[in-house]
Amino acid sequence: MSGRPCWAEGFLSWLAEQPPPVTWMQVRIDAGWRLRHVDDAADEHLAPVEDWEILARTDAAGAYRPLPTAPDLRRGWEAGNLDDDALIEALEALYPGGLALWHAERAGRLAVVDWHEVQRRQTGWQGLVKRLTDDDVRAAAAGFCADERCLRRVLWRVGEEAPPRGGGAVPCAVPCSLFLAHVQAIAAARRDAGRAA
Amino acid sequence: MLARALVLAAHGSHHNAHSSLPARRHAAAIRAAGSFDQVLAVFWKEFPALGDTAYLVDCADVTIVPFFMAEGYFSQRVVPRELGLDGPLTERDGVVYRYTAAVGAHPRLADVIARRARAALGEDGPPLAESALVVVGHGTVQNPRSKETVLEHVATLRGAGFAEVAAAFLEEPPFVADIPRLVAAETVVIVPLFVADGRHSAEDMPRDLGLTRAGDGWARPSLVGGRRLYYTSAVGNDPAMIDVILALAAGDER
């Protein structure tokens with residue numbers, strides 16, 4: 001037994017069968033394993049990665065980056081000669097939970113939710129989202145979850161319709177906390193406008 | 001399937017990178033020690049999300065420790081709901097999920113607080129017996145447990161050698177700004193019982209206390225209204241939290 005969780009084993013087996021380079025979200029994986037940003041060419045001056053978490057959690061201006069799957073992963077870095085464990089560690093730092101969700105989807109174990117279920121279980125301040133219509137939520141997702149903002153591939157649904165899908169390897173089966181905060185702000189603004197009128 | 005997983009369930013933040021740092025750092029230290037097959041930190045406001053836990057753990061025995069400083073809304077409602085837990089013990093799909101008490105409610109926290117306060121005063125600093133200790137908690141009018149947790153630690157700390165020990169809160173009385181009225185000593189050590197140096201302990205409280213900036217932190221002491229205030233960083237940063245997490249995971253809640 002390798003001591004690795006099934007999703008890490010599953011990803012490594014899959015990767016071994018792909019002709020390199022493989023693109024994983026905004027990361028290019030070459031044999032060896034060598035990683036760099038997909039938009040960086042090999043002959044550019046690329047700096048070694050000192051800390052994967054800092055790379056994942058700060059943007060080019062040094063500000064906090066709360067959404068790891070935003071399409072603004074910093075450029076200008078590279079890492080080579082990574083063994084399997086180091087490769088998994090790097091991809092997990094850059095896209096936390098991403099490999100496990102990808103693996104669960106391939107294994108047919110990923111539970112895709114309907115927005116209404118999410119809406120129903122919101123409590124406290126977040127219960128405000130119960131005021132939103134399905135069209136409000138679809139419109140919010142069309143802006144907030146599009147590839148320009150987040151590269152995850154949206155699978156969750158609003159009734160019969162799914163928001164725009166996107167093409168990323170990491171699936172999005174449940175609206176994330178950032179999306180919830182976004183629709184709460186919409187609901188709060190609407191409530192406040194209603195009170196002012 | 002592997003054998004044992006430890007999961008730290010924490011809040012995290014959309015706005016402050018420091019908020020999840022202690023949980024991630026403690027998880028990394030426990031992972032490096034090698035006594036669990038998997039060690040994860042999962043978050044309400046960051047990634048991996050609380051709800052992703054079942055996909056991430058590939059172990060038959062999963063212990064979840066809520067990294068919150070008091071029992072309350074998050075430890076008793078949000079975390080169990082997002083992880084699909086029925087209570088202290090849940091069995092699902094051949095996996096046993098154990099859910100422990102929140103780290104902040106563990107009686108050992110009183111020792112951690114006392115040691116942080118002593119370290120803040122320094123070996124050559126003001127004597128403990130002439131100094132007041134104030135433990136600051138979040139507090140919320142929505143759940144009495146938040147305040148009660150702080151008061152329990154304060155009761156224990158009354159025997160720790162300080163001249164006075166008091167509690168103050170961010171969101172219910174007595175407030176942080178009331179501290180000068182709560183204690184008489186000229187030297188006051190203030191220890192935030194918070195998981196991390198997020199907005200509350202890094203911005204709100206220093207402002208309410210009138211602390212003086214010194215580099216990236218706060219002057220120790222800061223002279224405010226004839227008092228010498230020694231303000232420590234959040235308790236959640238303390239490496240001793242690792243022992244508390246491991247004690248809870250081992251079923252030791254005392």
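## The open sheet of chain B

In chain B, five strands make up an open sheet with mixed pairing, in the order 2-1-3-5-4. Strand 2 (38-43) and strand 4 (89-92) of chain B are the edge strands, each pairing on one side only. Ignoring direction, neighbouring strands of this sheet are turned by 20° against each other on average. Strands (E, at least two residues) and helices (H or I, at least four) are DSSP runs, numbered from the N terminus; two strands pair if DSSP finds at least two bridges between them.

This is a predicted model, in which local features need pLDDT of at least 70, side-chain atom pairs count only at pLDDT 80 or more, and totals for chains, interfaces and linings use all residues. Residues are numbered from 1 along each chain as its sequence is written, while chains are lettered from A and ligands numbered from 1 in the order in which they are written.

Strand 1 (residues 2-10) and strand 3 (residues 59-66) of chain B run parallel and are joined by seven bridges. Arg4(B) stands opposite Asp61(B) of strand 3.

Contact means C-beta atoms, placed from the backbone, within 7 Å; angles run from 0 to 180 degrees between N-to-C directions of axes fitted to C-alpha atoms, for helices over the stretch in contact.

| Helix (chain B) | Strands touched (chain B) | Angle |
|---|---|---|
| Helix 1 (residues 21-33) | strand 1 and strand 2 | about 170° with strand 2 |
| Helix 8 (residues 241-249) | strand 1 and strand 3 | about 130° with strand 3 |

Four bridges pair strand 4 of chain B with strand 5 (residues 95-99) of chain B in the antiparallel sense. Arg92(B) has Val95(B) in strand 5 as its bridge partner. Strands 4 and 5 of chain B form a hairpin with two residues between them, and Asp93(B) in the turn has a positive phi of about 50°.

Terms used
Two residues are in contact if their C-beta atoms, placed from the backbone, lie within 7 Å.
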